[in-house]
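This report describes the fold, the helix packing, the nonpolar cores and several individual residues of one protein. The structure is shown first, and the description follows.

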Amino acid sequence: SNPILTCISIDKDSMTSSDDLRISQYKMKNSMNCSILIPAKSVMELIKFPVIDYYISDGWIFFSTKEDILFCSRLVSGEYYDCSEFFSFEGGIEIDLPKEVSKMIEISSIITEGEYDTDKLINLEIKDGKIKCKGESSIGWIENEIEINSKSTIKFLINPIFLIKILEYSSKMIYKDNRILFNFDNFKHLM
C-alpha cells in the first residue's frame, strides 16, 4: 500500500530498502552520484547482469553490460524515509549466536500461527548462559534450549523466517530497545 517501500533507494553510495518490518542498508564501493528509487522487482532482475554503466533520463534508468545488453527500468517519484535514527545502537548488547540457533528457530517455527509468513513470531530468550526458543499456537508449543556464551538477559519476539535468512550471513547481533542489528562487510540489517 506504500509505493516507496516497494523500492530500493539509492542515494550516492548508499542503498536502503525496507518493508516496514526490516530495514537494510548497503554501502557501495562506488557512488552513483544520484538519489533515485528503483522498484525492487527491477533490481531482482538487474542483479543477474554484470552491469558496467548506467544512465538516467526522464524517469527511466538504463544499465548496460560489456555484452551490450541494455536493462531499462522506470524510476519511482518520491523521497525515501530517513532511516538513520533506527541504526543508533550505542549501549546495545552484543551477542554472537551459536550455529545451532538456526535449527532451533526452524523447529520452533513449525507450530507458529499467522495468516501470512510476516505475521509469524517466535519468542527468543537469553538468560543465565542459555538461549531458549519457543514457538506457540492455539494447539500447543515447541520449546528448545541450548547454551550460549553470554551473560546478558534479553527476551524478544521475532519473525523466524526473517531471522533464519539473516543468520545465513552473520551470527553477530546487537540488541537494543527491542531491535536487533546485524552488521557485516558494508551491510546493515535491522529487525
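## Overall architecture

Of the 191 residues of the protein, 39% count as buried. The model is a predicted one. The protein has three helices and 15 strands, and its C-alpha trace spans about 55 × 35 × 30 Å along the principal axes. Among contacts between residues at least 6 apart in sequence, 55% join residues at least 24 apart.

## Packing of H2 and H3

Two packed helices are described by the angle between their axes and the distance between the axes. The axes of helix H2 (residues 101-109) and helix H3 (residues 160-167) come within 10 Å and cross at roughly 160°. Angles over 145 degrees count as roughly antiparallel, and H2 is therefore roughly antiparallel to H3. The crossing in which H2 passes H3 is left-handed.

On the H2 side, the contact is made by Val 101, Ser 102, Ile 105, Glu 106 and Ser 109. H3 contributes Pro 160, Leu 163, Ile 164 and Leu 167. By class, the residues of this contact divide into six nonpolar, two polar and one charged.

In soluble globular proteins, nonpolar side chains tend to be buried together. The largest nonpolar core holds 24 residues, of which Leu 97, Leu 163, Met 173 and Phe 182 touch the most other members. The elements that give two or more residues to this core are H2, strand S9 (122-127), strand S10 (130-137), strand S12 (154-158), H3, strand S13 (172-176) and strand S14 (179-184). H3 gives the most to this core, with four residues. Apart from this core lies another, of 13 residues, among them Val 43, Leu 46, Ile 61 and Phe 63.

What surrounds Met 173, leaving aside its neighbours within four places in sequence? Met 173 is in contact with Ile 93, Glu 94, Ile 95, Leu 97, Ile 154, Phe 156, Ile 180, Leu 181 and Phe 182, with those sequence neighbours left aside. Of these partners, Leu 97 and Phe 182 are also named among the core residues that touch the most other members.

Phe 182 has its place in strand S14. Its relative accessible area is 0%, so Phe 182 is buried. Leaving aside neighbours within four places in sequence, its contacts include Leu 163, Ile 166 and Leu 167, together with Ser 170, Ser 171, Lys 172 and Met 173. Further contacts of Phe 182 are Phe 187, Lys 188, His 189 and Met 191.

## Loop residues and a strand residue

Asp 20 has its place in the loop between strand S2 (14-18) and strand S3 (23-27). Asp 68 has its place in the loop between strand S6 (60-65) and strand S7 (70-74). Is Asp 20 buried or exposed? Asp 20 is exposed, with a relative accessible area of 63%. Asp 68 likewise counts as exposed, at 70% relative accessibility.

Ile 110 has its place in the loop between H2 and S9.

Lys 130 is found in strand S10. With 34% relative accessibility, Lys 130 counts as partly exposed. Leaving aside neighbours within four places in sequence, Lys 130 is in contact with Glu 125, Glu 145, Ile 146, Glu 147 and Ile 148.

## Separations in sequence and in space

| Pair | Separation in sequence | C-alpha to C-alpha distance |
|---|---|---|
| Ile 110 and Gly 135 | 25 residues | 7.4 Å |
| Lys 130 and Ser 109 | 21 residues | 19 Å |
| Phe 182 and Asn 144 | 38 residues | 23 Å |
| Asp 68 and Cys 83 | 15 residues | 36 Å |

Ser 109, listed here with Lys 130, is one of the H2 residues that make the contact with H3.

Technical notes. Residues are numbered from 1 along each chain as its sequence is written. This is a predicted model: local features need pLDDT of at least 70, side-chain atom pairs count only at pLDDT 80 or more; totals for chains, interfaces and linings use all residues. Side-chain values use heavy atoms; hydrogens and water are left out. Axes are lines fitted to C-alpha atoms, for helices over the stretch in contact, and angles run from 0 to 180 degrees between N-to-C directions. Angles under 35 degrees count as roughly parallel, over 145 as roughly antiparallel, 65 to 115 as roughly perpendicular and the rest as oblique. A crossing is left-handed if the near helix is turned anticlockwise from the far one by less than a right angle, and right-handed if clockwise. Contact means heavy atoms within 4.5 Å. Ala, Val, Leu, Ile, Met, Phe, Trp, Tyr, Cys and Pro count as nonpolar, Asp, Glu, Lys and Arg as charged, and the others, Gly among them, as polar. A nonpolar core is a set of buried Ala, Val, Leu, Ile, Met, Phe, Trp, Tyr and Cys residues joined through side-chain atoms within 4.5 Å. Buried means under 20% relative accessible area, exposed over 50%, partly exposed in between (1.4 Å probe, protein chains only).
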